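Let's take a friendly walk through the salt bridges of this protein. Have the chain open beside you as we go.

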Amino acid sequence: MTYRELYEYGKSRLSEAGIAEAGLDARLLLEYVCHADRNELILYADRERNSMEEQFYRMVIEKRASRIPLQHITGEQEFMGLPFQVNEHVLIPRQDTEILVEEAMRHLGDGMRILDLCTGSGCILLSLLKYSNECEGVGIDISEEALKTARENAEKLGLDAVFLAGDLFGPLADFVSERTPDRLFDMVVSNPPYIETAVIDTLMPEVRDHEPFCALDGGADGLQFYRRILAEAPAHMRRGAVLLFEIGCGQGEAVARLMQEAGFVQVEVLQDYAGLDRVVCGSVR
């Protein structure tokens, strides 16, 4: 079969399976299988591929048709222009989260200490370290499997970060930095679990069945982790340090109020490119 024939087969099969972006996913999987880019697929659409590539393509198309996320098939997702390894142990980095990183970069200065809670793949922390100078980063996650992925991402990107296993601020009790033994941070960022427990069963199969439940479940009202983080964060932050959260699109007012009640000032709710609330940030007095 040619590139064109393989693509048409993949697009048709994914459409039958109800995949919303069947054409895009069929093309990306064809690029993945054939180690090609979009230009090659267009310029050489009638070039014959070998039987091994055809069999592999049919296999990955069936995986996608069964609602396995595209990124779990290819093992990678681009975020902030960087390649991140992903798997079933971490949330797949999403464009919405880039809003959090972009806002954090507005507040980030050289040599700052950054704490990333619920770090997952490490995409937030590692992106901030990549696009800053001499910053020190600590990422914490309750999942050892997620931290293994984060460490592998750091190694592939050539970045130096510390990843600690535990529940939110807990691991910091035994952590002493060689550079700043006072353990205080200039910035805390977090994309915590924020989906209401009762809503999780209604999510797309790609999310509900294949992304880690512990990274989705924000408790009965979706705000459980915001409350927990805000209760402890000031004790780990320097005066004037900034805390930034990713939030669900309907949580801006509630999270902003929680931050103000916890004593944070200059609290702002920021929107994503669709005009939906996506980030809340504030500073320690």
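Both R113 and E136 are buried, meaning under 20% relative accessible area, with exposed set at over 50% and partly exposed in between (1.4 Å probe, protein chains only). These two residues form a salt bridge, with their closest N and O atoms 3.2 Å apart; the term stands for a side-chain nitrogen of Lys or Arg within 4 Å of a carboxyl oxygen of Asp or Glu. R113 lies in strand 3 (residues 113-117) and E136 in strand 4 (residues 136-141), so the pair ties together parts that are 23 residues apart in sequence. Helices (H or I, at least four residues) and strands (E, at least two) are DSSP runs, numbered from the N terminus.

A word on the source: this is a predicted model, where local features need pLDDT of at least 70 and side-chain atom pairs count only at pLDDT 80 or more, while totals for chains, interfaces and linings use all residues. Residues are numbered from 1 along each chain as its sequence is written, and side-chain values use heavy atoms, leaving out hydrogens and water.

The whole structure holds 19 salt bridges, including these:

| Pair | Closest N and O atoms |
|---|---|
| D46 and R4 | 3.0 Å |
| R113 and E136 | 3.2 Å |
| D167 and R228 | 2.7 Å |

In the D167 pair, D167 is partly exposed at 37% relative accessible area, and R228 is partly exposed at 30%. Turning to the D46 pair, D46 counts as exposed at 55% relative accessibility, whereas R4 is partly exposed at 42%. Finally, a network of salt bridges links D25, R64, R67 and E206.
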